[in-house]
Amino acid sequence: MAIAIPRRTLAGPVDCAGVGLHSGAEVNVRLEPAVSGRDRIFVRTDLPGTPEIPVQLDRVRETLLSTELATDQANIRTVEHLLAVLAGLGVTDVQIAIDGPELPLLDGSGAEWLAAIAAVGTVELLGAVSVPVLTEPLTVSEGDAFVTAVPAEETRLSYGIDFDLAPIGNQWFSVRWRPDDWEREVVPARTFGLAPQIEALRQQGLIRGGSLENALVCDRDRWLNPPLRFSNEPVRHKLLDLAGDLSLLGALPQAHILAYKASHRLHVRFARELQARMASLVSR
């Protein structure tokens with residue numbers, strides 16, 4: 001079962017620049033309007049032949065602390081924040097040209113992407129995309145972490161996290177998938193890091209571009225760079241990650257989706273299970 005929503009693209013080009021979270025590389029990004037049916041697609045302008053990377057579940061290559069899409073010719077990392085903002089705005093067709101391997105982290109949230117896109121606006125296109133409607137529960141899990149979905153009259157996202165660090169602890173948040181709610185309650189929430197893990201991650205070649213300017217960081221007792229935008233900003237940011245990963249389906253399903261202690265890997269696994277279920281229903 002599915003419902004249709006109109007296709008949308010940007011009303012004009014959008015330019016952004018910044019540093020990638022993991023690569024530490026300075027990159028320039030241009031979002032350009034696209035024709036109906038073009039879908040969301042990345043273009044690596046720094047590589048020979050300017051290879052394209054479609055925004056599709058089957059292009060996910062890596063999910064360690066971010067989501068990476070790849071083809072045989074190119075890859076693009078940390079796509080989840082931008083994809084979450086585009087999904088919330090209903091943008092289905094856009095070309096994203098970038099001169100490096102990773103999207104810029106900007107301030108660590110989706111707020112700068114949202115402001116830049118809002119400045120030019122979006123326009124409706126001919127055609128429609130299908131929004132899957134969940135008709136029975138679906139759950140994937142790893143240990144006590146899970147992503148589950150149940151049928152609902154409208155899309156809602158809920159998340160829970162639990163860290164053995166006093167500044168974070170146990171947090172829950174739930175939001176309706178409606179533009180005003182989403183843009184106000186989730187998009188401004190920044191990514192976060194744990195001070196005891198930073199050196200080990202950098203030795204693995206990760207978070208080279210992370211700083212106190214683009215991520216919240218805490219030790220066992222306090223935040224190193226307050227103030228927070230929300231008292232429960234970390235769990236709200238996890239909702240941003242979840243929406244970005246689920247948008248690889250093309251559109252978020254109509255369902256109440258609840259995640260607990262999940263990861264990009266588990267988000268993507270859930271999306272693949274849902275995609276397979278929907279394909280099975282269509283083929284019957």
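**View 1. Helix α1 and the glycine that follows it.** Just after helix α1, Gly 90 adopts a positive phi of about 75°. Helices (H or I, at least four residues) and strands (E, at least two) are DSSP runs, numbered from the N terminus. The model shown is predicted: local features need pLDDT of at least 70, side-chain atom pairs count only at pLDDT 80 or more, and totals for chains, interfaces and linings use all residues. Residues are numbered from 1 along each chain as its sequence is written, and side-chain values use heavy atoms, with hydrogens and water left out. Buried means under 20% relative accessible area, exposed over 50%, and partly exposed in between (1.4 Å probe, protein chains only). The buried residues of α1 include Glu 80, His 81, Leu 82 and Gly 88.

**View 2. The open sheet of 3 strands.** The strands follow the order β6-β7-β8, and their pairing is antiparallel. Strands β6 (60-62) and β8 (75-77) stand at the edges with a single partner strand each, so one side of each has no neighbour in the sheet. Neighbouring strands here are turned by 35° against each other on average, direction ignored. Axes are lines fitted to C-alpha atoms, for helices over the stretch in contact, and angles run from 0 to 180 degrees between N-to-C directions. Strand β6 is joined to β7 (residues 68-70) by 2 bridges, and Val 60 has Leu 69 as its bridge partner in β7. Two strands count as paired if DSSP finds at least two bridges between them.

**View 3. The open sheet of 5 strands.** Its order is β11-β12-β17-β13-β14, with mixed pairing. The edge strands, β11 (138-142) and β14 (170-176), each pair on one side only. From one strand to the next, the twist averages 5°. Antiparallel strands β11 and β12 (residues 145-150) are joined by 5 bridges, and Ser 141 stands opposite Phe 146 in β12. Helix α5 (residues 233-246) lies across β13 (156-162), β14 and β17 (256-260), running at about 130° to β13.

**View 4. Val 140 in strand β11.** Val 140 lies in β11 and is buried, with a relative accessible area of 3%. Leaving aside neighbours within four places in sequence, the contacts of Val 140 (heavy atoms within 4.5 Å) include Phe 146, Leu 266, Arg 269 and Phe 270. The C-alpha atoms of Val 140 and Ala 262 are separated by 10.0 Å, although these residues are 122 residues apart along the chain.

View 5. The chain is divided into domain 1 (1-129) and domain 2 (132-281), with bounds that come from an automatic or database domain assignment. Their C-alpha centres lie 19 Å apart, and 37 residues of domain 1 are in contact with 40 residues of domain 2. The area buried between the domains is about 3000 Å², of which carbon and sulfur atoms give 65%; buried area is the accessible area (1.4 Å probe) that two parts lose on being put together, summed over both. The largest nonpolar core has 69 residues, of which Leu 31, Leu 157 and Trp 182 touch the most other members. A nonpolar core is a set of buried Ala, Val, Leu, Ile, Met, Phe, Trp, Tyr and Cys residues joined through side-chain atoms within 4.5 Å.
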